[in-house]
Every structure is written in C-alpha cells, then in structure tokens.
Amino acid sequence: MTNDQARVIPFEQLRMADVDRVGGKNASLGEMISQLSGAGIRVPGGFATTASAFREFLAHDRLAERIASRLQGLDIDDVSALAQAGAQIRSWIAQAPLPSALERDIRAAYQALTRDSPDVSFAVRSSATAEDMPDASFAGQQETFLNINGLDNIIHAIREVFASLYNDRAIAYRVHQGYAQADVALSAGVQRMVRSDLGAAGVLFTLDTESGFDKVVFVTAAYGLGETVVQGSVNPDEFYVDKRNLAAGRPAILRKTVGGKAQKMVFTDTRTAGRSTTTTEVSAEDRLRFAITDDEVEALGRAALAIEAHYGRPMDVEWGRDGNDGQLYILQARPETVKSRQDDTDRLRRYRLGRKAAILASGRAIGQKIGQGRVRRVVSAAEMARVQEGDVLVTEMTDPDWEPVMKRAAAIVTNRGGRTCHAAIIARELGVPAVVGCGDATQVLADGDEVTVSCAEGDTGHVYEGLLPIEIVDMALDRMPPSPTKIMMNVGNPELAFDFQRLPNEGVGLARLEFIINRNVGIHPKALLELDAQPAELRREIEARIAGYPGPTEFYVRKIAEGVATIAAAFFPKKVIVRLSDFKSNEYSNLLGGDRYEPHEENPMLGFRGASRYLAPEFYDCFALECEAMKRVRDTMGFTNVELMIPFVRTLTEAEQVIALLARNGLKRGENGLRVIMMCELPSNAILAERFLEHFDGFSIGSNDMTQLTLGVDRDSGGPIAATFDERDDAVKALLSLAIKACQKHGKYVGICGQGPSDHPDLAQWLVGQGIESMSLNPDTVVETWLALAGKAPK
C-alpha cells in the first residue's frame, strides 16, 4: 500500500509534502526526523493516522452526513447552540468503532514501536490537515492525551482525538478563518513520550512574540510536562537569545526572567484511557531557580535556528528535556502565525494613556494595545455567555475553549498563564490586549468595575482603576524624508527596545544605566557586596531575588549586562551610548538596602552623583561592577556598538581620573573600538570644552542640567519661577554653541540628549543651524521631530 492509500504511516516516512495526508504537525515531525537529525535535532519517533483513514471512519454509518446536517445553519455566536451541536457530534464520534482495517494497521504500528520497550508511554495528539498553515493558528484546538500505555488505550485516545475536531472552539475558529468544516480532516499522531515530567519543557518562538523582532529566539521553560506552559496554568521562565551570537558562538542570552512555576504536570502511576497525568506543587526553593541552564537555553536556540533555516520562516516550537537521559527533544514545530503574517512594516500604531491611575493588578502583557470596559468575572466555561461585547474578561485561566467569547472582550485578564500559552496566542491573533499571570486578578477586580487594561508599557501589563483617556497614534514609516541631522533615541527600558527599533533612527543616544539598575536589579550594590552584613529580614528578601543567579555580585553584573545587551542587540550595528549610573543619593536610597549606605543631602541634584561618586573610595567596588557588566556586553558578547558616557564631570581633574579609573577596570578608551563620551551638562564643561575634550571622544549635551545650572532654576521646581526654566535662553544657547564649536574644531562627536529639542521645535532648528551631529529624543517624539526638521531641510 502506498502512502497515498495508507491508513497509518511511521513518522520517519513523512515529509512536508504529506501535509494533506497527516496535517502540518505530523508532517513536520517526519520532516525533522529525516532532514534535521544531522543538525542535532532530536525528535521522538511514532506514527500518524491519515486523513483518508479519518474520512473512512466518518463514512461509516453516514457519520459525515449527520455532522454536516447538524452544522448546517449553526450560529457560532450563539454560545449555547454551539455547545449543544459540538457535544452531540463528539458523542457520535466517541461511540463509533474504528474500521477494522484501520485498527489492524494501528496495532501493527504500535507493536513495531514497542517491540524493544513494551512499557514505553505515548502522547496522542491531533494534526488537522489545515492546521499549522502560515495563515492560521489551530494550536490547542484539538485534544492531547499524555502518558498513554497499551494498545486499547491508544485506540481509545485516537477516537477521542478524532472527536475533538468538533470542539466548540475548533468549529468556531474554522468559521472565522473561512475553512469549510468538511474540508478539514484529522490525523492522530502517536509519539513516544519524553520524560520531561522528570525534567522540564516549554515553548520557543524564533522571533519576539510581542514586537515581531526577528533577531532573537524567545524561549519559555517550566518544570514537568510542557502542557502547563501551553495551557497557561503556570508562569514560566523566559529567555531572549540573540541569533547573531548563537551563529558566531558567543554568549547569546540577552536577558532572562524567573517565572513563578508554582505547579508541574507529571505522570501518574495508574495509566488509563484518559489523561494519565497529575499536577503537583513545585517547592518554594525550585520556584526561585531557573528550570533549565544557560547552556540548555543556548542549545535550544541553536536548534531553533536550524529549524527556522530549514523551513524558511519564523517557527513556533515545543520542546522537552528528558529527566532520565538529560537530552533536549523537539516535540512539535509549526509556523508562527501571528506576528510573522502582520503586514505592518511600513506603519506603526501606538497606544498611550492620557494619564495614570491606581494600579489594581499587574501581569505579563500580551500585545501592545490598551482596552477598557466593565469587569466580567467568569469562573468557568459554563458562564461564558455572561461576557458581553466590550467587557473586560477576568478569569483564573483563559483556555482556547473560550475563543468564541474572547473576541467579544475589550481585554482579557487572568490569574495564571505565560506569554506562550494558547490563550496568549489566540488573544494576539484576535488583536485583544491581555494581561496574564496576575495571580490575584479575580480577587481584586470586582464584577462591574470600570477598568483600563494597558499592554503598551513594556513586558508588564497593568489594570488601572477607571476608564482612562487613551491616545492612538498612527505613524507612517515608509515615506520618511531625509533629516538634516541624525535622529537617535533615549531608551531606558530594555523591554521596549525591540519595539522601538522599528522607528526611524540612527541608534540610541542615551541609554540610562540607572533606569536599568532600578528596573532589572532594584537592590543597592553595597547591599549585595555586603550581603552577609544585612539584617536577617533584608537578607532573606535579597536572597529570594537573586536565587536564580550564582551569587549577589554576579546577579548585579548579569542583570545590568542583560539590560544593556538587550538594547544593544535591538539596534545593532547602530551605536548605543550607555550613560553610566547617574543616581542621586536620594534615588540610591530608594533601592533595596540603600538607606543604610546613602548620605542625606538637602540638594541631591548638586550632590554625590556622576563622576564624583565613581571616584569616591567608598564607591570603587560598586563602580567596578558596572564596568564588569560593560566589559561583558562589549568584549564577551561582542556588542561593540556600545559606547560609554560619563555624567556630571565637574572638573578637569575628575575628567582625567575617571578615564584612568575606567582603564583600570578594563575599559580603556580606544581598545576594541571603545569610545567614551562625556555628558556636557555643566557650564564649566562648555567654558572649558576644548580641555575636557582632551580626555573624551565627544560630548552629548544634557540640556536639562545645563539650563538649571546656567539660570539657577531647579528643573523640577513648580514654583513661581518655574517659567524661567527655558533651554532657549540666550545664556544657555551661548554655552551650547561653545560646546558644539569645540567638538567641530577637534573633529569629535557632538549630540544632544536632553528634552529641549522635543519640546521646542525652534530650538531643534537652531541646533541644526549650529551643526549638531545628532539629537537623541524620547521615542514618542521621534517621528514628529524628524518630520518637523525635514520640512525645513534643503530640497
């Protein structure tokens, strides 16, 4: 019997050309087994029933005709009618016997697989013949049965998989995607189980699922079987891996986040025809650790590159680590179907809140939109009909079963789930903002409350009290005229870097390290260096935060390096100017443990900050950690597009000493192409510009501090003299002109990274006239300022 006629085909005999016979999922397994084993891709073996076998099964007792008749005229928006029709069809299929020829072929294939290992267990999964096509995401719509052992149980599970083609969500989805119900057939894949119940598992994508940035691999991981990640019942660990570094053999993990991982799915001792698994609690100690090692993350990244290269498109991959043999296995691979098919490369839509309010709940942001409406708390699928158009759906865990009502919601908020669960995939596809993994949303959000759900502020999504004003900005990126000066960006939040890089830009003119320390670390460096000397309660809190890392100082260095590397990778090879930390003493005090080390200053703006702090003996060891992080980013990870900037250099002596201090810490100006820029933000910097430039490779003008120190006006003052603060004042402009001319005279870089050009178009035009080399702006003003300047540019 040829494959065209076969009812059952071993995976190793399948190729992608067999999609119409065994569906995309099973065809892909065969493709990887035969074509990618040489690249180190391990795929567990098995067999697939064919679409012709499924149709033969439906032809028995006129089952196909009865199904078509039952679905005729069905209104899928009528949740009750949809549920009744689906339940009846599934019962028909579950009660129907398999044709004897099909059962015979399944028996032969099963016996061949178990000949040498009779106790092995299997996963029985669906593979729809229209599934995993580039324009659809059928992920999770049909049933999966895990840890199935014994022929009778395998046959029972196959019949249940066949029935699941008519789950409510699957029926509705096919209508939404324009697939005729009868055109979609089902193949059952029977695959040897990987013992990830004793190890770990997860999902990876060969792009960033939120921004679509395709230079990274996004990996999630949790303990036990991967169903907990896919279903969204745990908040997994997350890793971003740089593709270029993987290919070059350099350290490639850009950043990683420990997930809650509160539960894990494991095998049960008793195997039945149902799901032979159970969910157990993960120990508090293990929750704080990463589920897989950095080496395993990079190995998964390399596997992802091989799979993506073979298929020639972004991929969505499920993986498992066997707890017995310690090996990593690929369990499924299918095209990514949301970000990769969005045709939005020439335009950008941004959502912004007009104001903030009390935050009621927070979790992982899905999508980049903002939604608002009345809270509708739903405990189970039986209550789905309560969700009305424009409600904010709040529940423990949104399952793909709920797809028919998810499209009604203005936003979705869940207690559990991660960014790669089925619910998140469907929410992205529907374009509905979702905040998942909040933990307590169902407790803190009451039915009928008016809320605003924002996914437009980075990786963390927030649920705000009330209906807040929302601004929607559409930006056309395909017809940007030439700008008379380089437009760069100020980026302080690494979580937004992949999204920001889509804007027209010449790189990052200001990446504030203190923002990265505050967001990624949150602990005073002295408290980490002297961890054993901290009070017991503070020490326990710090130890909980750093548990996934080798030690306290390594945590500090790695978290800084992660933030900087993420920004550097997003904009590579364009330059990224990283300003070393410029915390004031009151800001350092706000870090965990900081109040034990910081002086009280009446005016911290003019106090212990910038170069003076780096050069203070009591801060040497803290500054050395910053330098170590920068060395790793530039020299170890290879992001030589990173340049350093020194803030608040008061005197020429400080300038000389800080350059020497950098060199002693392995950051010698000129080595490996390192450029060191100085923030030109004090009047002394402009007055003695040429002498300061003897020590630096250029200036980046800080117009905020320059203005307040020139005019004697506190830049944060809201009092009666607040209006005096103006970057366009003649005295300020005179100093800016001195600085610009000195850089031009000596052929050195000069840019500006203050807020002035964004706030005052006339100042921006004046700076262009002065010959400023670049302006670094907040991302939300880049397009507007670019267009304003281009409008005045010579034709």
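Student: How much space lies in the largest cavity?

Tutor: On a 1 Å grid over the protein atoms alone, a cavity is a set of points where a 1.4 Å probe fits but cannot get out. Grid points are joined across faces, edges and corners, and the volume is the space filled by probe spheres set on the points. Here the largest cavity holds about 140 Å³. The model is predicted: local features need pLDDT of at least 70, side-chain atom pairs count only at pLDDT 80 or more, and totals for chains, interfaces and linings use all residues. Residues are numbered from 1 along each chain as its sequence is written, and side-chain values use heavy atoms, leaving out hydrogens and water.

Student: Why is strand E27 described as largely enclosed?

Tutor: In a regular strand, side chains alternate between the two faces of the sheet. Strands (E, at least two residues) and helices (H or I, at least four) are DSSP runs, numbered from the N terminus; buried means under 20% relative accessible area (1.4 Å probe, protein chains only). Five of the five residues of E27 (676–680) are buried, so the strand is largely enclosed by the rest of the structure. Val676, Met678 and Cys680 point one way, Ile677 and Met679 the other.

Student: Which residue of E28 stands opposite Cys680?

Tutor: Strands pair if DSSP finds at least two bridges between them. E27 and E28 (698–701) pair in the parallel sense over three bridges, with Ile701 opposite Cys680.

Methods. Buried means under 20% relative accessible area, exposed over 50%, partly exposed in between (1.4 Å probe, protein chains only). On a 1 Å grid over the protein atoms alone, a cavity is a set of points where a 1.4 Å probe fits but cannot get out, and a pocket is an open set with protein on both sides within 12 Å along at least five of seven lines; lining residues have an atom within 4 Å of a point.
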